[in-house]
Amino acid sequence: MLEFIIKLHPEIAIKSRSVRKRQTKLLERNLKTILTQVDSGVIVTNLFDHLIVSCDNSSQRIRTKLIERLTCIPGIVTFSEMRTASFADLHDIFLQVLAVYESQLPGKTFCVRVRRQGKHSFSSIEAERYIGGGLNQQVASAKVQLKQPDITIKLEIKQDKLLLLSESFRGMGGFPLPSQSDVLSLLSGGYDSAVASYLMIRKGLRTHYLFFNLGGAAHEAGVREVANFLWQKFSLSHRVKFVSVDFAPVVDNILEHVDNGVMGVILKRMMLRAASAVARDLGINALVTGESIGQVSSQTIANLAVIDKVVPDLVLRPLIYHDKQDIIDIARQIEVEELAKSMPEYCGVISNKPTVNAVQSDIEQNEARLDMALLDQIVKAAKILDIRTIDYQAEQEAHVVCELSELADNAVILDIRSPEETEQAPLNDVGVPVVELPFFRLASQFVNLDPGRHYYCYCAKGVMSRLQAVLLHEQGHRNVSVYRPVS
């Protein structure tokens, strides 16, 4: 049997008993929702100050998947694989520990930590000394080291049961979903908005996504993939929305009527106006952006103050003090870097000499020239999707997923990854021609390809290839499928 002991984030542990009980119940519910998708036999036991996850299926495949999921569930600070057994005496405990750790200790420093409940003929310290001394004698190259050892052997002795924590893992911390309110995150698909969304999820905020489309169907497909990735990895326990707004008409209006230097500030104000209207329709009271002080001209203190005054909503900026490299490092840590790096920049407006000290009256004077009715029109026309359907719809519509042996005689593989990805891991020796065409150029350049060939989209994760196949199908190109290599 597989068993894991789940430790709560410390901020949960110091809450009042009623708050702690609620948070633990939320985490219990989330664990059940997510882990039963790995194996229907998973059982979650709530013991108030910790939880136990157990599963009769102890295969390596299930173990690996459970560990992957547990590392990405908000509210868990650490979790440890646990073995439960009976014991006869202290020497029997030592023998059981030796069986687990003998192969791990050669050449390592270690210490033994024991937590004990119940009446026994030995104390916790005596057990640590006995077991540690025995291991030191048995494994000559190992060395006891009480401070910062290579390996910490953790045991819990509860009455007549031995709980041996064989391996520990770090969780993502934070609070379980949805212990806080819902928020609407303005997602562009780049590093900043993706990391900002992740940090909100980590704090227990159910995070919905709002996308302002400036680059057409290909842009939306890429951002959908980022949103879907964040949801699948970090907030799978709850339904969220993906909202897409065609913002091109507003950008055109700004370019035509607004002074060059204030275009960036006014674009952000218009986006917040639209976001506030969408949030109100969804019953959400806070917006999230990926802005960081000084990163671009619109993100000075003066400009942000003017931008914020346009809506009554709370605007959360979790990256406000982060450097760009800090943000990229977090993106790499949460495995969204490759997706964000491949996302092209779709700049709505580019000012020659953008203001860094916007004046409220000047901004309002420029905005008076705009057609504000456009905002109502684009918000009413917004596409609101249940994010759970994005991956399903793409799979259903791009239903021809072929292995290498099933490729047609006239097949051509379209490698739609970013140029950086194809350079690092080129697609070689597949037996058919390969055309490198990044996903953000696919919609515009596909018409230039030979219509007599059958094209198989390829990407590393398989999600973007399905989304792009759907877009090409919708444009009437039926000679498109998805290529998934034999693993």
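How many disulfides does the structure hold? The structure holds zero disulfides, a disulfide being a pair of cysteine sulfur atoms within 2.5 Å. C459 is in no disulfide, and the nearest cysteine sulfur, that of C457, is 8.6 Å away. C459 is buried at 9% relative accessibility, where buried means under 20% relative accessible area, exposed over 50% and partly exposed in between (1.4 Å probe, protein chains only). C111 is also buried, with a relative accessible area of 2%.

This is a predicted model, in which local features need pLDDT of at least 70 and side-chain atom pairs count only at pLDDT 80 or more, while totals for chains, interfaces and linings use all residues. Residues are numbered from 1 along each chain as its sequence is written, and side-chain values use heavy atoms, with hydrogens and water left out.

The sheet comes next. Six strands form an open sheet in the order β13-β12-β9-β10-β11-β14, with mixed pairing. Strands (E, at least two residues) and helices (H or I, at least four) are DSSP runs numbered from the N terminus, and two strands pair if DSSP finds at least two bridges between them. At the edges stand β13 (314-316) and β14 (383-386), each with a single partner strand, so one side of each has no neighbour in the sheet. From one strand to the next the twist averages 25 degrees. β11 and β14 run antiparallel and are joined by four bridges; F242 has L385 in β14 as its bridge partner.

Two helices accompany this sheet. Helix α6 (residues 191-202) lies across β9 (182-186), β10, β12 (286-288) and β13, at about 160 degrees to β10. Helix α9 (residues 263-282) packs on the sheet and touches β9, β10, β11, β12, β13 and β14, its direction making about 150 degrees with that of β9. Contact means heavy atoms within 4.5 Å; axes are lines fitted to C-alpha atoms, for helices over the stretch in contact, and angles run from 0 to 180 degrees between N-to-C directions.

The whole structure has eight aromatic pairs. Rings of Phe, Tyr and Trp (its six-membered ring) pair if their centres lie within 6.5 Å, and planes under 30 degrees apart count as stacked, over 60 as edge-to-face and the rest as tilted. The rings of F212 and F247 have centres 4.7 Å apart and planes at 55 degrees, so this pair is tilted. F212 lies in strand β10 (residues 206-213) and F247 in the loop between β11 (241-246) and α8 (248-257), so the pair ties together parts that are 35 residues apart in sequence. Both F212 and F247 are buried.
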